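Q: I would like to learn how to read a few features of this model. Where do we start?
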Amino acid sequence: MSKPPQDRFIGGKQSYESIDRKIGRVVLDQKSHPPIWLITFAMAFLLVQVLGGAVLWLLYKGVGIWGINQPAGWGFDIINFVWWIGIGHAGTLISAVLLLMRQQWRNSINRFAEAMTIFAVMCAGMYPLLHTGRPWVAYWLMPIGPNTLGMWPQFRSPLVWDVFAVSTYMTVSALFWFVGLIPDFATLRDRAKNKIVQVVFGMLAMGWRGSVRHWLRYETAYLILAGLSTPLVLSVHSIVSFDFAVSIVPGWHTTIFPPYFVAGAIYAGFAMVLTLAIPMRAWYKLKDFITDKHIDWMAKVMLATGLIVFYGYILEVFFGWYSGNTYEIAMIKNRMTGPYAPFYWSLITCNGIVPQLLWIPKVRRCYPAIFVISQFVTIGMWLERFIIIPVSLHRDFLPSSWGMYIPSFWDIAMFVGTIGFFIMMMFLFVRFLPMINIFEMKELWQRQQQAEHADHADVGAGPVPAHDAAGAGHDKENAQ
Amino acid sequence: MKNDTPKPMDLEAAQANLAGKRGADYWRSLDELSGTEDFRNWLDDEFPNRASLLSLDRRDFIKVMGASLALAGLTGCRFMPQEKIVAYVKAPEEIVPGKPVGYATAYSQAGIGMGVVVTSNMGRPTKVEGNEKHPSSLGATDIFAQASLLTLYDPDRQRTLTHNGELTTWDAFLAWLRPLISRPETIARVRFLSEASSSPTLAAQIERLKKALHGPKWYVHEPAGRDAVYAGTQTAFGAPLNPVYHFDKASVVLSLDSDFLTAMVGSVRYARDFASGRQVRKGADKMNRLYAVECCPNNTGATADHRISAAPSELEAFAVEIARALGVDVGAAPLRLDNPALAKFAQVVAKDLKEAGAAAVVVSGEQTPPAIQALGHAMNSVLGSVGTCVGYTQQVEIQGESLDMLLQEIDEDKVEVLFILNTNPAYSAPVDLNFASRVKKVANLVYLGLYPDETAALCQWHIPATHYLESWSDTRGHDGTHCIVQPLIEPLYSGKSVHDLLSAIVDEPVDGYELVHGQLLGANPTEAREKDWQTWLHDGIIPNSAFAESPVTLNVAAVSGAASALVPAAAGFEIALRPDPTIFDGRFANNGWLQELPKPLTKLVWDNAILISPKMAREMKLSRNDMVKLSVGSQSVKAPVWVLPGHPTNSVTLHLGYGRRKGGVNLASAGTDAYALQQSATPWNLLGAKLEKLSGTYDLVTAQDHHAIDVGEIGNQQNRPLIQGNTFEEFVKDNALPHNMYGPSEVHHGASEGEGHTGPPSLYDAKEHANDGNAWGMSIDLTLCTGCNACVTACQAENNIPVVGREQVRKGREMHWIRIDRYYRGNPEEEVEALHQPILCMHCENAPCEPVCPVGATVHSHEGLNQMVYNRCVGTRYCSNNCPYKVRRFNFLNYANHHEVPVLKLLNNPNVTVRGRGVMEKCTYCVQRINAARIEAKKADTTIKDGGVITACQQVCPPKAIVFGNIHDTGSKVRELKDQPHDYSLLEEVNTRPRTTYLKKVVNQHPDLQHGAHS
């Protein structure tokens, strides 16, 4: 078994202290934030106001302010729901699946990937709630039970499965994220000079002292949560895909949807992680922790999942033709040559063709290029949902009922608003919480040191607990 | 706030002024009062003397109260009749709270009545149904009768009597009128301009009026009246006779641009009669055949076995050609058919007509020129069908002189007082008459009308008219059958009927009831006669009152003269002007149900357009929505074009009724005023028109084909087996229709042919449950459906379906629970066939909507209904997405919001929930009617009999194409139809197992015109 190339995941000359300092500085030294933070935050905050306005108007007038109609009963609402949920997936994959697979390169990106998951799920969660005609009774989808509401929800409906899937996903992701933050909260508490900051982080640290018992419990809990999260990576988007696959609408009624949606979700998620990581590591000078190798590997994951997705597109067309079914063939034909054909071909370009550039190592090392490709993928994945949802609905069985779906101002306002919300939350997160896992980085550094020694002497690969060292180190600093 | 207290007003003086005065007198006194500055100040201030209001002593307070009472007199225009709420001391026997009662009355339009039974819910008329006993209805109605209910509750109706735009009272009007018409010099200068009417009571009143006022003249203006029909019979038989057709006796019918199945006097009856010859059932060996020649494609053409289009001038040539072939003396008629397709058609039709002889009938459209109509009558005479398939009765409508004559008299200054009664000539007079400017010469104009419309704006006095459900009258049906118009509600808005007004003019102190009663029974009727009156009222028809069909002799010379006078058309396009299929001559322009009703074939809503053929569109590089200028002579209109397959190439069609300027909120949707082109001499066809493309487009809104732009053939079925059918020949041969001439027939079931249509395989044993109570189902016969839309409007009325407006329909959010899908077959540049298919909730046994609802808001009943639980619906719209028939409708906004117009609340059917925003809705198979029948059956300790539940769409259907019932009942009509060999399910391959199934469309084509030959 070849050794993982850990050395390449932390750059520069580091020590426990320097890792603490470099990551903790972003939170503790508020002056270290570049002006771009304030500018972006202000813009995002403005968009959140747009979101607020769009939601208030929606509640006042009803979903008729959107572009949905007969036959296209779903439009931006469900497109954006699926899109945001998909984006969240990379976070869970990185933090849970890669943890279980002992892919330690994930350590520097898992924290903000998880944050991204949570904020994306928050954005996604708004839609199913608000897209209902009567959002004030949307809680009827919850299994509150016959004792309270007189009846259960209708368990055969994929929308009920969605409620379970998304709420479980949100809960587990938030827990996972918070548990992972506890040792870092302690570090920040210990490094903070400001009394208030000390108290706040002290409370969040929940009495963490870095004792062996704490670490033991912590590691167990974290592993269990990772174990819980892992099936979610597959299940959540599979269930989201059931919203479509269970129906009989040509273009929705497709058995390939679950794997194809999961791959698409990871694809979109990695694109979003890259979109965030590339500027962040530059602005906050974190290139030592989010290294070129990280970007390279993420690009490779994106390429791999992108190929799965592209394969899905090809199969859809094949099955449409192979079925010999009038409605399926008409659906494929409509996608390719109908009024929304430009969107379909843009989708193929964005998701199928442009990412092929990632085969080239040079491109994978060119950050502007990767950033742009990530944007293509993000847009492409949005278009994919557009093609699946309204474009399938707008022309189904009876030509007499065919229509067009044209999003309204409020559709766009709400979408832009959720983007603003997401960015705002990410920026708040970056400013007030450690965006890179400090203790895991220290652990990684420690392993790296060990590995360097092991080159000379054949020391066993078993990890030496470095956690107490982390805790102790801070105590010393604080005492000074 | 003002601090300076104004001069104390002389309230005592004001009160003294008002003392002892009542009613209308308040007006003048208050005018005088408000003339004083103090009073005006006091009036202007909502709370006079606010600063001192609290410091008023008791005496002053009472003074202010006194003045407030005076003000109450100022605002004393009543909106509703004031009534005391007292429980019935002695309840009328038939009224049970919560139980609707039906009353027979009659709806008339353009002078011709149709017997209806109106449902009243605790005094509110809520639904119009046909009167089975009335020969013009036979239990069915048309869209206009259905929608007339909405006009009753229209909040835009004129609510009070006005004089020069100011509110006044009936007494004030009488006070003005009496001295005026008692002047001898004025009496001779009084004229009446009325809508067409056939009321014998009115006719008698006119006689009395003429006596009392020494013969004031009676003029009639009916924009879509039957002048041409009477001119046609005048030519053919020398007298203005009313043709009455008997299509049940006809085996071959030729329609010359008529829409006798959906839009002609008597069409409700005619559709039933015609359908009786098209009952394609197992073992049938006979079917009638309909040929249609159309200047503008309509429903009759879509129902026809063979249709062909012809420009108005070609229609003349065609009529002459057929007449000649049948042996009618057409003299030296110069017209020849140059169009080879038409010539071939004429040849086959003539042969077929001749073979059928007395069982063949030619029916000409009401808007065709009198010469064509005369030729039609001549052909019927020659064929020998007069007396079998067609009869002629005396004129139904009261005769009057024309608007043209009236205007000449006005020009000659012979008119001092003009009463305009329920007609709107300021809008609907042909443009060459120049009504609006010429009528101004009349010093005193009095208008009796429902709406503050264009004519009202010209008249000094506007008396709000009553709706037919608000006043007593009588009317005659298409065959002259006399029936009583019985009101169901007190006038909502202090309206007066035409009878009230005429009574007032001759100073007869009798009301409408006494007038009609007196007219029918005479003075001092015997008790037996009184009993008759009760029976007539109850039945809605006076037995044996139809006009006798009079024997006729053809005036051969006149017919050949008329035929010879037809000359070839000059160069240029022809224009066909026609009454609008939904808003008629414009009188329904404010009726949301009719405005939003998709027009047959075009499916346009809220607008009219210039209809052109696809070929013309290609040649002139026009596409739908392009603005054009259509001009003829010095007149022109600007309108968008609509490309209509099947339209003749050398003519364009424009429907009347749009471009209204005044008279309600719904008129804002504009459209184009076709009266601006109409000429009084040739009101329906214009020659020598020019069409000019303008820059710009207009967004016409349709309820179908929201797409169509990129779909090669507009509205075709995209090779889907949606409408299935075949020729009658095939039916007789196979007693089933394995082949589908309208597209690929994908589903074949070897076992299903003949008995028991099984559908795709299933593990469920239907036979095992064959006796488990009721299983509701519906059968729709596509052979019979004429696409008349009556079911759509009836459903809207029955189920409280809101009107959503033009913008919402544009977005694709119309709410109709039942719709008529329209597809075409054939090359759009040549002749096409239009196919209708009514689509409502299929009540699938295996409903795709049910498993996807997350809250169980749509569930299946044990009787097979797919139920929608509004209260449980959260509005995810998943059910609609998953419905392959797209019959579900969603309240995207609060469409049923009647808070702003409370009067519309009265309209609602109390047995149907009004749906709020955010919930899904759809056809329920009229579950309220099922439950009402179930309650009755339970009370009688029995089961619901076949025919015990009639859905709204079924009840209104003129050809009885829709049949509903219990499919478990082996003796039921619906079961019988579902066991027919040509029963099929729409989208059977999706395995939804719909409870609504269709009988394939069977056409009886002539072998020489088989479709295979030209498609």
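A: We start with a sheet. In general, the strands of a sheet pair through backbone hydrogen bonds, either parallel or antiparallel. In this predicted model, three strands of chain B make an open sheet, ordered β1-β2-β3, with antiparallel pairing.

Q: Why is one side of β1 and of β3 of chain B left without a neighbour in the sheet?
A: In chain B, β1 (101-109) and β3 (124-130) are at the edges and each has a single partner strand, so one side of each lacks a neighbour in the sheet. On average, neighbouring strands of this sheet are turned by 40 degrees against each other, direction ignored.

Q: How many bridges join β1(B) to β2 of chain B?
A: Nine bridges link β1(B) to β2 (residues 112-121) of chain B, and the two run antiparallel. Tyr107(B), for instance, has Met114(B) in β2(B) as its bridge partner.

Q: Which helix lies across β1, β2 and β3 of chain B?
A: Helix α6 (residues 143-152) of chain B does, and runs at about 170 degrees to β3(B).

Q: How many residues of helix α11 of chain B are buried?
A: In general, an α-helix has 3.6 residues a turn, so residues three or four places apart point the same way. In α11 (residues 267-276) of chain B, nine of the 10 residues are buried, including Tyr270(B) and Phe274(B). The cover over the buried residues of α11(B) includes β2 and β8 (241-245) of chain B.

Q: How many residues of chain B are in contact with chain A?
A: 43 residues of chain B contact 42 residues of chain A. Helix α30(B) gives the largest share of chain B's side, three residues. That side divides into 17 nonpolar, 16 polar and 10 charged residues.

Technical notes: Residues numbered from 1 in each chain as written. Chains lettered and ligands numbered in written order. Predicted model: local features only at pLDDT ≥ 70, side-chain atom pairs only at ≥ 80, totals over all residues. Pairing = 2+ DSSP bridges. Helix = DSSP H or I, 4+ residues; strand = E, 2+ residues; numbered from the N terminus. Axes fitted to C-alpha atoms, helices over the stretch in contact; angles between N-to-C directions. Contact = placed C-beta atoms within 7 Å. Buried ≥ 20, exposed ≤ 12 C-beta atoms within 10 Å, placed from the backbone. Nonpolar A, V, L, I, M, F, W, Y, C, P; charged D, E, K, R; others polar.
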